[in-house]
Amino acid sequence: MQFMLLFSRQGKLRLQKWYVPLSDKEKKKITRELVQMVLARKPKMCSFLEWRDLKIVYKRYASLYFCCAIEDQDNELITLEIIHRYVELLDKYFGSVCELDIIFNFEKAYFILDEFLLGGEAQETSKKNVLKAIEQADLLQEPRHEYFNVPVY
């Protein structure tokens with residue numbers, strides 16, 4: 001996988017993860033181009049696009065589009081499965097994830113993605129193991145609030 005983009009139906013970028021080195025200018029250009037292209041497609045159309053020398057695989061869940069760029073020889077169905085697994089992980093963690101969860105807890109969304117994917121490849125396929133790693137990381141963060149006597153809301 002070259003990169004993953006998460007954006008709203010209005011075209012607002014909510015999450016981006018790049019697995020290839022590109023300049024910020026090139027990233028913005030790619031993002032703008034892909035968001036426009038995916039949003040212009042009809043709901044009944046195929047979720048796969050050929051773009052430049054890559055394949056774009058996208059899936060819409062509620063108000064969010066999950067969009068991945070893969071190499072020409074990579075399997076589109078496995079990529080769709082990776083997108084779905086990521087959404088399942090977000091759902092389990094947030095309890096029915098929505099766009100606001102991603103906006104206000106973007107660091108957790110990135111952390112979950114990093115536990116699941118490494119270098120654009122599925123690192124851990126077990127939802128249970130990924131969620132366990134996230135829960136353990138959360139436990140490490142909780143004592144910090146008690147240490148500083150900051151109320152937790």
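Patches here are made of residues with over 30% relative accessible area and no salt bridge, with like charges joined within 9 Å and nonpolar side chains (Val, Leu, Ile, Met, Phe, Trp, Tyr) within 5 Å. Accessible areas come from the Shrake-Rupley method with a 1.4 Å probe, and for residues only the protein chains shown count as cover. A salt bridge is a side-chain nitrogen of Lys or Arg within 4 Å of a carboxyl oxygen of Asp or Glu. The model is predicted, so local features need pLDDT of at least 70 and side-chain atom pairs count only at pLDDT 80 or more, while totals for chains, interfaces and linings use all residues. Residues are numbered from 1 along each chain as its sequence is written, and side-chain values use heavy atoms, with hydrogens and water left out.

On the surface, a nonpolar patch brings together Leu-100, Ile-103 and Phe-104, whose accessible area together is about 310 Å². Ile-103 belongs to helix H3 (residues 99-104); helices (H or I, at least four residues) and strands (E, at least two) are DSSP runs, numbered from the N terminus. With a relative accessible area of 32%, Ile-103 is partly exposed, a label for values between buried (under 20%) and exposed (over 50%), again with a 1.4 Å probe and protein chains only.

Next come the strands. Four bridges join S3 to the antiparallel strand S4 (residues 54-61), two strands being paired if DSSP finds at least two bridges between them. Leu-49 sits opposite Ile-56 of S4. The two strands make a hairpin with two residues between them, and Arg-52 in the turn has a positive phi of about 50°.

Arg-52 also has a charged partner: a salt bridge to Glu-33, with the closest N and O atoms 3.5 Å apart. Since Arg-52 lies in the loop between S3 and S4 and Glu-33 in helix H1 (residues 24-39), the pair ties together parts that are 19 residues apart in sequence. Arg-52 is partly exposed at 47%, and so is Glu-33 at 31%. Glu-26, Glu-33 and Arg-52 are linked in a salt-bridge network.

Elsewhere, Glu-88 has a salt bridge with Arg-85, at 3.2 Å between the closest N and O atoms. Both residues lie in helix H2 (residues 76-94), three residues apart, or about one turn of the helix. Glu-88 also meets Lys-127 in a salt bridge (3.5 Å, N to O). That pair links distant parts of the chain, 39 residues apart, with Lys-127 in helix H5 (residues 127-147) and Glu-88 in H2.
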